[in-house]
Structures are given as C-alpha cells and as structure tokens.
Amino acid sequence: MAVNLPPQYHDAEARYKKAQSPEDKLAALKEMWVILPKHKASEKVQAELKTKISELTDQIEQAKLGPKKAAPGTFKFPRQGAGQVVFVGPPNCGKSLLLTKLTKATPAVAPYPFTTREPVPGMMDYEDVRVQLIDLPPVTADHYETFVTDITRAADAAVLFLDLADDDGPAATRAAIDRLKLARRELVPPGGPPTDDPTVYALPTLLVANKCDDEAADIRLELAREEFGTRYPLYVISAERGDGVAELRKALYDVLGVMRIYTKQPGKPADMTSPFTPALGATVADLAGKVHRDLEDTVKSARVWGTAVHDGQTVGRDHVLHDKDVVELHS
C-alpha cells in the first residue's frame, strides 16, 4: 500500500530541508505531521517524523536551559535483541538488584539512595530470545538526569518501580511519573492508543511493586492499588528473595509486542536458534524488511510452516504471520 503523500506534504518537507534554525525545522516537521495521512502504509513515516520532532523539541528546550554536561551525552544504547526496556523509579526501590537477577550486569547495589548514577545495560534471556534492559538513575520531583530523556527515546517499554518497604512508596512513584511527564515521557498502559502529540514519547509500562517480603508490604500494596488503580499491569515481586521474578521475566518479553519468526532457505532446515522478532501482526513483507531492507520491496511470496496454514503452504507478501512460524522467503 502506497503512502500517497499530498503535494502540501512535499512543500513542507522542502521547507524543512531549507530551514536553518531548529525552530524553523520544527515548525515544518509539525506541518508535515498534520498533513501526513495516518494509516498502516505510513507507519514508518509517522515513526520517523515523531522521532525527529521529539529530538528537535528536546534540543530547543535544552538550549533554553543551558549547555548539556559533556558526560551524559556519551550514553548511547542502540537497541539490541527483541527490544529495549528501561527501569525507572524513585531512589532505593530495587531497580539495580532486579537487573542483577535478570541479567549478567553488575551495577552497584547498596541500601542507600542514588547508588545508580549512570545508566547500566544488561541482556535478559527469555527462552530463545534476549531483551535489553537498562537501569536508569532515580527520578524524583527534584532530581532528573537530562540524559534520561535521550535514552528513553530509543526504548520500547518501561518498568516503573514501587517500593513496598517505604510508607512514601506510592507518592515517590507518582513523583517519578510526573517528572517524566515534564520531560514529555508519558508512561502509558500497554496496548493503549498512540498519543496524537508528536512531541510526546509514550512508553508502554509495567508497574513492579518490589520488596513484597517486607512485613508491612500488604498494607502498602493496598495503598498503591488505591493510588494507581488498574492503569498499569501490576507485578508484585521481591528482587531479594526471587518472588515473582519468573513471571516478570515473561512479562518483560510480552510487553514488547513482538513475535518469534524462524527462517529457512529452500532445501535446508530452519534456523531455530536466532528468530527474528517483528511486531505482532507483521506480514511476510514486514519480516522480509527485518531480514534485509531491500527484501521488503522485492519479496513476492513465502512458504510458511506454523499457524493458520498447511505445512509449507505458499502465501503472498501480505500474509499475516504468527508466533513461531517458520518462513521461507521468495523474491
């Protein structure tokens, strides 16, 4: 399906390319966003526009606040594995400890606040795929590292932490939500409708209530339920003792909204060790683009083994794939 961009879009795009200042570039990008037809064929263009608008908005606001510190700009975490999930929350809520339980990362873990001063990445294994986790420094009403804004732009989802050993746990978690919102990072329920504001980056979010082994955790959990209701899927865990960690591991994969697709070459067995992970509902053409960018336009058909097909059935490029399908692409 073609995007069919109208002439007004191309005019705005030309103004964007000629613009000299970030403000003029941003104005042209916003005009392009309004004009752009919103449908499946334009999803990639929508995503690219939102990223550019978000980056320029951050750049303009940062310039008003003053120059960035040099060190934070060095934190770059290209997405790896099936997707990237960031850990956000107030101080001393157990983010770093959970990272050590789920990955081989070794962040500093101590029973006092603000132990994490720099982002720490780790790779979590889930069955035959890996998920990239990034532990971010604490977020409070008064403390926010500006590089968090940049890092979260690349993230696919977030884990929001609540401390069940702290009477002020719900209030501290709410403060983290509000402070992230000031940076145009909105923590939203998984599967919710996308935001219409291209300057806002919405992160599908799980709420993790940690330290359920505390003697007053049950009381604080009820207070948390009153505060947050059912807005976020809630996982009650003890990172220290291991309660609920296995269930959370699966949820961290599920929140990415991807599926595992295995590929094979004609006459050869399928590669069942390194699946591709396109979004749920992806087509043969979408998978081809994951395999190689040029293949998305040239693939004509595929043979598929798996759900909703006979083994080895030939399907078209618009055929919708299912989790754990085996696919043989044909150009």
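Contact here means heavy atoms within 4.5 Å. Please keep in mind that this is a predicted model.

1. Let's start with helix α6, residues 169-182. The buried residues of α6 are Gly 169, Pro 170, Thr 173, Ala 176, Ile 177 and Leu 180. They sit on the same side of α6, because the arc they cover around the axis is only 120 degrees.

2. What do the buried residues of α6 pack against? Their partners are the strands β1 (84-88), β4 (157-163), β5 (185-188) and β6 (201-210), along with the helices α5 (147-153) and α7 (217-228). Just after α6, have a look at Arg 184, which takes a positive phi of about 60 degrees.

3. Next comes the pair formed by helix α1 (residues 7-18) and helix α2 (residues 22-35). Their axes come within 8 Å and cross at roughly 165 degrees. An angle over 145 degrees counts as roughly antiparallel, so that is how α1 runs relative to α2. The crossing of the two helices is left-handed. On the α1 side, the contact involves Gln 8, Tyr 9, Ala 12, Glu 13, Arg 15 and Tyr 16. From α2 come Lys 25, Ala 28, Leu 29, Glu 31, Met 32 and Ile 35.

4. Finally, a word on Met 272, which belongs to strand β9 (residues 271-276). Its relative accessibility is 44%, so Met 272 counts as partly exposed. Setting aside neighbours within four places in sequence, Met 272 is in contact with Asp 128, Tyr 262 and Val 326. His 39 lies 233 residues from Met 272 in sequence and 33 Å from it in space, C-alpha to C-alpha.

Conventions:
Residues numbered from 1 in each chain as written. Predicted model: local features only at pLDDT ≥ 70, side-chain atom pairs only at ≥ 80, totals over all residues. Heavy atoms only, no water. Buried < 20%, exposed > 50% of the residue type's maximum accessible area, 1.4 Å probe, protein only. Helix = DSSP H or I, 4+ residues; strand = E, 2+ residues; numbered from the N terminus. Arc of directions from axis to C-beta. Axes fitted to C-alpha atoms, helices over the stretch in contact; angles between N-to-C directions. Parallel < 35°, antiparallel > 145°, perpendicular 65-115°, else oblique. Left-handed = near helix turned anticlockwise from the far one by under 90°.
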